[in-house]
Amino acid sequence: MRQSLFIIPILLITLLWCSCRKDFQYDTSSGNLEFSKDTVYLDTVFTNIGSSTYSLKVYNRSNNDIQIPSVRLAQGNNSSYRLNVDGVAGKEFENVPLMAKDSLFIFIETTFDISTINGNEFLYTDAILFDAGPKQQEVQLVTLIKDAIFLYPAENADGTKETLLLGLDKDGNEIRIEGFLLTDEQLSFSNEKPYVIYGYAGVASDKTLNMAAGSRVHFHKDSGILVGEGASLRVNGTLSMDTLLLENEVIFEGDRLEPEFSELPGQWGTIWLAPGSSNNIINHLTIRNASVGLLVEGNSDLNPPKLSVSNSQIYNSLAINIWARSSSINGENLVLGNAGNGSLILSNGGSYSFVHCSIANYWSNGFRSGAALQISNYDLAEDTSANGQDLTASFINCIADGNMSLELSLNSDETNAFDFSFKNCLIKFKDTNNQFDSDPLYDFDNDTYYNNVFLNENADFWNTAKNDFRLGNSSSAIGKADPDTALLVPSDLLGTDRSSEPDIGAYEFVAFDQN
């Protein structure tokens, strides 16, 4: 018995020693590694802005534990790529273990200064080398680097950032936002290089920010443009021949260029047309992935209106595509697509006219809190009796549609004027519970409000998930627009003639194969 007790611990020690010893016995890699990809594309980044982190998986398919003699970047320490191999950061690694039938992760990032070379774009490449000599294997790394013009607030002596004054709160305290005023030299955006904006770029009183056709403006998180009192914004885009490249369109979007950010809402703030700004004219502009696409405030009595916007698309806003408060807008050939709340919200009164607009909200990024089109003559968030203002709103040859039953919301304080009208419009309003039967605002037989309206008919858009609201073969909007109004806007958003048998919405129907 005593002998058995003595043998047991010896056996345990021997087993543990053998087990530990096996962890330190490796065969040298024979050059038979396998990889999750043979080239890692880090997509497009701006100069001096770090990329997202990309991953590469390395597999040991053999039955033996191996050791990779070296894992390194071909350009060594001079490389602008950075690696992390199994949790260790660096650019060169030696004797990297990889167990039998196992794998390891390599994470890759880059930051590159394009000022070291000539040109506005540069394809930067390197490679990850595994081992050396005849057993060497490699995985290529590729990144497109873009040059850009960076605009940002100055840093104060105390380390804080420059701010813009928005006004005073109810207690008389200043309301400020991180931002800066554009200088005279910065008020003309060109299409030579993209612009990257940090904070809010302010347009000062009596100044106009002009944007040439083909301009590209990228906003960092919580950034945007503030057009202040007495200032103006002019977006001078023109018709593009390529519907994908939109070469002559002006485009506002976030500053992350990687594909995973292309459809991510709420990456930046808003284009804010503050009270007192005027003569704002926008043509051929695409706004995507903002929090609020356009925030238009004040000046409901301006003639011409505070904002004239045409041939433009706004979609994928985290909250609202266009939010107008006590303001005035003329809109033509607009696509106001998916948004987390409303595609178009007209609140607290104002004066509005929309012709040939597709207001369509098929938001699929979570719960949507409001109808595609919302109209009110007071601020719904406050006491209706205290802040209402007169409202007039006209919609001709427009679509109000989406993936909810009720895509039109009308709210009147019954004190101030609430004059609205829809003519030759396609409207989705499926009141299955009959909760609005007694509300005169939704009496679709009342020709004071509704004239030749097509209720709950099929809009049949191309691809609502991708904010493509061109009309499909089965669309009820085909041929139903008011022809006299169509002649005032004779071409659709893509330049297609609509002078004969025009269609409702921003697009004329063009036959295509849906199979």
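Let's start with Lys146, which is partly exposed at a relative accessible area of 24% (buried means under 20%, exposed over 50%, partly exposed in between, with a 1.4 Å probe and protein chains only). This is a predicted model, in which local features need pLDDT of at least 70 and side-chain atom pairs count only at pLDDT 80 or more, while totals for chains, interfaces and linings use all residues. Residues are numbered from 1 along each chain as its sequence is written, and side-chain values use heavy atoms, leaving out hydrogens and water.

Lys146 forms a salt bridge with Glu121, their closest N and O atoms being 2.5 Å apart (a side-chain nitrogen of Lys or Arg within 4 Å of a carboxyl oxygen of Asp or Glu). This pair connects strand 11 (residues 137-146) with strand 10 (residues 121-130), 25 residues apart in the chain (strands are DSSP runs of E, at least two residues, numbered from the N terminus). Glu121 is also partly exposed, at 45%. By contrast, Glu407 and Arg368 are both buried, and their salt bridge has its closest N and O atoms 2.6 Å apart. The structure holds 15 salt bridges.

The largest nonpolar core has 65 residues, of which Phe252, Phe395, Phe422 and Tyr450 touch the most other members (a core is a set of buried Ala, Val, Leu, Ile, Met, Phe, Trp, Tyr and Cys residues joined through side-chain atoms within 4.5 Å). Strand 29 (residues 344-361) gives the largest share of this core, six residues. Apart from it lies another core of 28 residues, including Val96 and Phe130.

Terms used:
Helix = DSSP H or I, 4+ residues; strand = E, 2+ residues; numbered from the N terminus.
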